[in-house]
Amino acid sequence: MKDLKDLKIGFANDHAGTELKQYLIEVLNGKVKEIKNFGTDTTDSCDYPDYAHPLAEAVENGTLDLGIAICGSGNGISMTCNKHQGVRAALSWEVEIAKLARQHNNANIVGVPARFISREKALEIVMAFLTTDFEGGRHEKRVAKIAVK
């Protein structure tokens, strides 16, 4: 397990995820090495791709270790992040899904559905995602087949 103090993470969100993002940043501030905020900071209606693409680029190019993408359902922002070849964004509404996404799929962005889970559940999911390692082994070859060449 990677030490949280060594992690550089980023957040992307639309208007539906602003309050949840602010809560998560407040909790994680000081526990991780760096937090980059790519999202909106208002609840005014906006378009999630405008925030998802910069987060995905930063994770894809290694500027950040992991990302947290938040919108109402978690679907749109995760789909947008997954357009990037080096990104494996996993929509997670349960802790076990987030863990398996890291262990088996080497997910590097977690998609969080702000309108469908409590902020406490979201924190549990994010913490599980940030503290779970990729198992490698038999999963390596599968993950290598994900990107379109």
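## Helix α1 against helix α5

Helix α1 passes helix α5 in a right-handed crossing. The contact is formed by Leu20, Tyr23, Leu24, Val27 and Leu28 on the α1 side, and by Arg119, Ala122, Leu123, Val126, Met127 and Leu130 on the α5 side. Sorted by class, this contact of α1 with α5 comprises 10 nonpolar residues, no polar residues and one charged residue. The model described here is a predicted one.

In this pair, α1 covers residues 18–28, and its axis lies 10 Å from that of α5, at a packing angle of about 55 degrees. The two helices α1 and α5 are therefore oblique to each other.

## Helix α4 against helix α5

Helix α5, which spans residues 119–131, also packs with helix α4, residues 95–105. Here the angle is about 20 degrees and the axes are 8 Å apart. Because angles under 35 degrees count as roughly parallel, α4 and α5 are assigned to that category. The crossing of α4 past α5 is right-handed.

On α4, the residues that meet α5 are Val95, Ala98, Lys99 and Arg102; their counterparts on α5 are Glu124, Ile125, Ala128 and Phe129. By class, the contact of α4 with α5 contains five nonpolar residues, no polar residues and three charged residues.

Helix α4 has as its buried residues Val95, Ala98, Ala101, Arg102 and Gln103. Val95, Ala98 and Arg102 are also among the α4 residues that meet α5. The packing partners of the buried α4 residues are strand β3 (66–71), strand β4 (89–91), helix α5 and helix α6 (138–144).

Just after α4 comes Asn106, with a positive phi of about 50 degrees. Asn106 is a residue other than glycine that takes such a positive value. Its place is the loop between α4 and strand β5 (109–113). With a relative accessible area of 21%, Asn106 is partly exposed.

## Asn13 at strand β1

Asn13 belongs to strand β1, which runs over residues 8–13. Its relative accessibility is 0%, so Asn13 counts as buried. The side chain of Asn13 makes two listed polar contacts: one of 3.2 Å with the side chain of Thr18, and one of 3.1 Å with the side chain of Lys21.

Beyond residues up to four places away in sequence, Asn13 touches Thr18, Lys21, Asn37, Gly39, Thr40, Tyr51, Ile70 and Ile77.

Leu55 is located in helix α2, residues 49–60. Its relative accessible area of 0% places Leu55 in the buried class. Apart from neighbours within four places in sequence, Leu55 is in contact with Gly10, Phe11, Ala12, Phe38, Leu64, Gly67, Ile68, Ala69 and Ile109. Between Leu55 and Asn105 there are 50 residues of sequence separation, and their C-alpha atoms are 19 Å apart in space.

Ala56 is likewise part of helix α2. Ala56 is buried, at a relative accessible area of 0%. Setting aside neighbours within four places in sequence, its contacts are Cys81, His84, Val87 and Ile109. For Ala56 and His84, the C-alpha to C-alpha distance is 6.6 Å across a sequence separation of 28 residues.

## Ser78 in helix α3

Ser78 lies in helix α3, which extends over residues 75–81. With a relative accessible area of 5%, Ser78 is buried. Its contacts, not counting residues up to four places away in sequence, are Ala89, Leu91 and Gly111.

Key. Residues are numbered from 1 along each chain as its sequence is written. This is a predicted model: local features need pLDDT of at least 70, side-chain atom pairs count only at pLDDT 80 or more; totals for chains, interfaces and linings use all residues. Side-chain values use heavy atoms; hydrogens and water are left out. Axes are lines fitted to C-alpha atoms, for helices over the stretch in contact, and angles run from 0 to 180 degrees between N-to-C directions. Helices (H or I, at least four residues) and strands (E, at least two) are DSSP runs, numbered from the N terminus. Angles under 35 degrees count as roughly parallel, over 145 as roughly antiparallel, 65 to 115 as roughly perpendicular and the rest as oblique. A crossing is left-handed if the near helix is turned anticlockwise from the far one by less than a right angle, and right-handed if clockwise. Contact means heavy atoms within 4.5 Å. Ala, Val, Leu, Ile, Met, Phe, Trp, Tyr, Cys and Pro count as nonpolar, Asp, Glu, Lys and Arg as charged, and the others, Gly among them, as polar. Buried means under 20% relative accessible area, exposed over 50%, partly exposed in between (1.4 Å probe, protein chains only). A polar contact is a pair of N or O atoms within 3.5 Å; within protein, one must be able to donate a hydrogen and the other to accept it, and residues adjacent in sequence count only if both atoms are side-chain atoms.
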